[in-house]
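Here is a short note on the model below.

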Amino acid sequence: MYEIRVHGLGGQGSVTMATWIAKAGYATGKHVQAFPFFGAERRGAPVKAFARIDEDPINLRSQVYDPDLLVVTSPNLLDAALSDGFSEHGHLLINCGEDLAKRLSGECKMDIFYLDAISIAMDAGLEYDGMPMVNIPLFSAVIKQAEIGSFEVVMDVLAGPSGRGNPDDYMTAARKGFEGVRVAKL
Amino acid sequence: MKVLETGNHLVALAVRAAGVEVVPAYPITPQTQVVEKIADLIDQGKMDAEYIPVESEHSACAALIAASLTGVRAFSATSSHGLAYMHEMLHFAAGLRTPVVMVNVNRSLGPGWNIWCDHQDSISARDTGWMQVYVSSHQETVDTVIQAFRIAEDHDVMLPIMVNLDAFVISHTYMDAIVPEPEEVSEFLPRYRPLWALDTRLPVTHGSVVYPSEFSETRQSMQQSQTRAIGVIKEAATRFGELFGRHHGDMVDYYRLDDAEYVIVSMGSLAAETMISIDAMREKGIKVGLLRVRFFRPFPVAELQELCRGRKSILVIDRNYSYGLAGVLYTELKAALYGLSDTPVRNLIVGLGGRDVSNELIAEKAMESFEGKLGEITWGDTQITKAHVVTRELLERFQELYNKK
Amino acid sequence: MIEKDDDIGYINSISLPIKGCAGDTGEWRIFKPVKDAEKCNECLLCWIYCPEATISKEGVEIDYQYCKGCGICAVECPTGAITMVKEEKR
């Protein structure tokens, strides 16, 4: 079983991203599960979402406390994210630039992947009500780093009903996320 | 058709497959997606039904009853405060013998304001005459909604069913499940044939005055139908299994119970999580099994008596509480077993207001209970700290305020 | 009923209307409103519209500990005195 926990801010699309991850796993023939934990349901408030992918039907119903991949969509959520539990054998994917990622790799017990998803989303013109749609590049990065599928899987999932923004911009941002995610090394 | 959907959307798809004709409903978190999806399906021409947006849950249930009395298959969905608000009409639905199906997405009742899962809402509606079933997985949600119509509409039963599924854990969680098409369901669930329906050719009044001389008879008849429903529930589960190849238990479901010395009893999604606990405890050599109560009304008295016989210890997990006594499944199980054995039965209260319950916690508390380390009733996941408490300082400030007058 | 000296008494869902009772909502920001004092005419529309009440009536100052960066003030400001800039965190 592969388990993912996402920490985001309301409006960034973290819950949607967890469902995309499940859809990607589902597209490769696996059993999947994706669910949110809603807090105050206010724009900008901290949000958690979870995804599980397994060969067998999933009986777990609880939240994910030792994720294989911990996704943090904003650096100031990192402390809260770590306090909710992490696995030292797991990885961290964080939305930030290279400098911060390198600093974190010294402090953090996990291997770190990083991606400046805000810049990618804004360069692609993907903004919704003043919120950069960081979930698209980050989703793409998750699919690559968690080895859930190829970029074709990312395209298939994002080609489904979306509603917000231009599909070509989605693909541009997704491509940059897939190719731009890096491992942070000191 | 295999799909990846939320539990709520699966309910809507199952309702479509069941050929429901009228859906009066009022949205409430965490049920909203159910009625949104049904409204969408009707709007897109994928479902031939009448959707009635009403002004309250009380009206939703009233319209549900009225629709059913005209002889059509009717469905609604609600949750928590919505269920509480329609409480009066719940008694009407059962008392008028309308075989309606309603999904209740299990959510706590406030205050404190809370939208998350526990079973307090449906347990508080226990004595309305409705049948109640609790599901533990997405696939079971789909299959149970379809089975529910067959059970309710059976002429030996003619009582409403509440299908209970856990808020967020099932309602908002995406999982893969198989949804049959309406054509595939029609053999299992033929068109509803009412015993009586409102018809101008033979006009009748429903719900007229019943004097003390006849009232008890109407109630005894409801109990007789509940008793007959047990056979209908079992037959429906078996027939569904034959046609679709899926069986989720009937009155109860169980896991690794055959040679179990210890038994954990629970309902809803906690039971699925408990299966992981059982596996972990079995690996340590503890002979433990799960007994999942699927139908809570009618209560599976005979099944529980049979399956609890000869065990060393039983732990009942409740996600509800009857204030002044104990968890409700616990007290009812004890009543069912009264006088039959000396097996200790204990009660664990966890997961109220959506607190996450991990398989590790269940295994830990179950071990403590089986070793006799826990009292009769244990609140398994509470940690009362000063931050929770109305402080002495605040109370003194109020006293000061009153003294000023 | 409350006999003991410590604070163990009733547990209730009371919350006091104190500043910051929803936590440091400033942590939620991705964009930060910045006021240009030259353009501000102190009309106080931002003060009225701010959903978190983080703008002061006197001096039109933004309390960044609680400003969640929603940008409503920038939209409502008739003189364009408030601009949203990307937050630099940590």
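**Notes on chain B**

1. The C-alpha centres of domain 1 of chain B and domain 2 of chain B lie 27 Å apart. Domain 1 spans 2-244 and domain 2 spans 252-379; such bounds come from an automatic or database domain assignment.

2. This is a predicted model: local features need pLDDT of at least 70, side-chain atom pairs count only at pLDDT 80 or more, and totals for chains, interfaces and linings use all residues. Residues are numbered from 1 along each chain as its sequence is written, with chains lettered from A and ligands numbered from 1 in the order in which they are written.

3. Chain B puts 17 residues in contact with 16 residues of chain A (contact: C-beta atoms, placed from the backbone, within 7 Å). On the chain B side, strand 8 (174-178) and helix 10 (269-283) each supply at least two residues (helices are DSSP runs of H or I, at least four residues; strands are runs of E, at least two; both are numbered from the N terminus). Helix 10 of chain B gives the most, with five residues.

4. By class, that side of chain B, touching chain A, has nine nonpolar, five polar and three charged residues. Nonpolar means Ala, Val, Leu, Ile, Met, Phe, Trp, Tyr, Cys and Pro; charged means Asp, Glu, Lys and Arg; the others, Gly among them, are polar.

5. Strand 2 (residues 31-37) of chain A and strand 8 of chain B run antiparallel, joined by two bridges (pairing takes at least two DSSP bridges). A:Ala34 stands opposite B:Tyr174 in strand 8 of chain B.

Note on methods: Two residues are in contact if their C-beta atoms, placed from the backbone, lie within 7 Å.
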